[in-house]
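Open the model in a viewer and keep the sequence panel beside it. The stops below say what to select next and what is there.

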Amino acid sequence: MRNTFFNRFLPKEPKFFPLLKEMTEILLVASDLIVRCVQSKDHESAVHYFKLIKEQERKADGVSTKIFDALNVTFITPFDREDIHHLASRLDDVIDNINSCAKRIALYHPKYIPDKAVELANYLKDSAVYIGKAVDELDVLKKNAKKITEYCNELHNLENKADDVYDQFLSEVFEKEPDGIELTKMKEIMYELEKATDTAEHVGKIIKTIIVKYA
């Protein structure tokens, strides 16, 4: 039982919810920056946004470390420590995917960035918004389980839309781009964006798992 005399002397629960919220805020900033990055009209601007995204990626790594360290010293957690660990890890992975996309743009210096990259980036930004909303409600999970589930369903819908955009891109690029090197550059950039939306959906699946256990 949780409300025992002994439990009064256990270490108090760290601020997991604020730390997870901080991760979602970093994700939202990074998702906005990748939209700007793929819309850049020149390579110098794209490199500038990559550097800003890299700063966010490093911030996320720092917050992840705080969460993992707190899990190691906490007896009582709001959810299973494995679920908290998985959630923090996947949030960090989305930001890593965004960073990987921007890094490829900076390193590869493509002649142009496909219009569909903007579509994917915007779907990713929308995903970041829904992830933020879902994590915001986790501390009142029992009251808002239905609303959180709706946010997670939106992540699934956005991932499906992103898949369609990526498939359309592949169909078009092999027909229209004669330069094999440029084709490879664009394919890798688009793949990282699409992978980010996949990972964002996975965040939703983890949150749904938490709902099943605790709502």
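This is a predicted model: local features need pLDDT of at least 70, side-chain atom pairs count only at pLDDT 80 or more; totals for chains, interfaces and linings use all residues.

Start by selecting Leu27, which lies in helix 1; helices (DSSP runs of H or I, at least four residues) and strands (E, at least two) are numbered from the N terminus. Leu27 counts as buried at 1% relative accessibility. Buried means under 20% relative accessible area, exposed means over 50%, and partly exposed is in between, with a 1.4 Å probe and protein chains only.

Residues are numbered from 1 along each chain as its sequence is written, and side-chain values use heavy atoms, with hydrogens and water left out.

**Whole chain**

Zoom out and colour by secondary structure. The protein chain has 6 helices and 0 strands, so its pattern along the sequence reads α-α-α-α-α-α. The C-alpha trace spans about 70 × 30 × 20 Å along its principal axes. Of the 215 residues in the protein chain, 47% are buried.

**Helix 1 against helix 4**

Select residues 16–38 (helix 1) and residues 115–136 (helix 4). How do the axes of helix 1 and helix 4 cross? They come within 9 Å of each other and cross at roughly 165°. Axes here are lines fitted to C-alpha atoms, for helices over the stretch in contact, and angles run from 0 to 180 degrees between N-to-C directions. Helix 1 and helix 4 are therefore roughly antiparallel; angles over 145 degrees count as such, under 35 as roughly parallel, 65 to 115 as roughly perpendicular and the rest as oblique. The crossing of helix 1 and helix 4 is left-handed, a term for a near helix turned anticlockwise from the far one by less than a right angle, with clockwise giving right-handed.

Next, show the side chains of Lys21 and Asp136, which meet in a salt bridge with an N to O distance of 3.2 Å. A salt bridge is a side-chain nitrogen of Lys or Arg within 4 Å of a carboxyl oxygen of Asp or Glu. Lys21 is in helix 1 and Asp136 in helix 4, so the pair ties together parts that are 115 residues apart in sequence. Lys21 is partly exposed at 24% relative accessible area, and Asp136 is also partly exposed, at 40%.

Stay on helix 1 and select Asp32 and Arg36. Their closest N and O atoms are 3.1 Å apart, in a salt bridge. Both residues lie in helix 1, 4 residues apart, about one turn of the helix. Arg36 is partly exposed, with a relative accessible area of 40%.

**Helix 3 against helix 6**

Move to residues 81–108 (helix 3) and residues 180–214 (helix 6), which pack at an angle of about 170° with their axes 9 Å apart. Helix 3 and helix 6 are therefore roughly antiparallel to each other. Their contact has 15 nonpolar, 6 polar and 9 charged residues. Here Ala, Val, Leu, Ile, Met, Phe, Trp, Tyr, Cys and Pro count as nonpolar, Asp, Glu, Lys and Arg as charged, and the others, Gly among them, as polar.

Which side chain meets that of Asp83 in a salt bridge? It is Lys213, at 2.9 Å from N to O. The pair links distant parts of the chain, with Asp83 in helix 3 and Lys213 in helix 6, 130 residues apart. Asp83 is buried, at 6% relative accessible area, whereas Lys213 is partly exposed, at 43%.

Then select Arg104, Glu188, Glu192 and Lys195, which are linked in a network of salt bridges. The whole structure has 13 salt bridges.

**Cysteines and a loop**

Select Cys101 and Cys37. A search of the whole structure finds 0 disulfides, a disulfide being a pair of cysteine sulfur atoms within 2.5 Å. The cysteine sulfur nearest to that of Cys101 belongs to Cys37, 6.7 Å away. Cys101 is buried at 0% relative accessibility, and Cys152 is buried at 3%.

Finish at His109, in the loop between helix 3 and helix 4. His109 has a positive phi of about 50° although it is not a glycine. Most residues other than glycine have a negative phi. His109 is partly exposed, with a relative accessible area of 46%.
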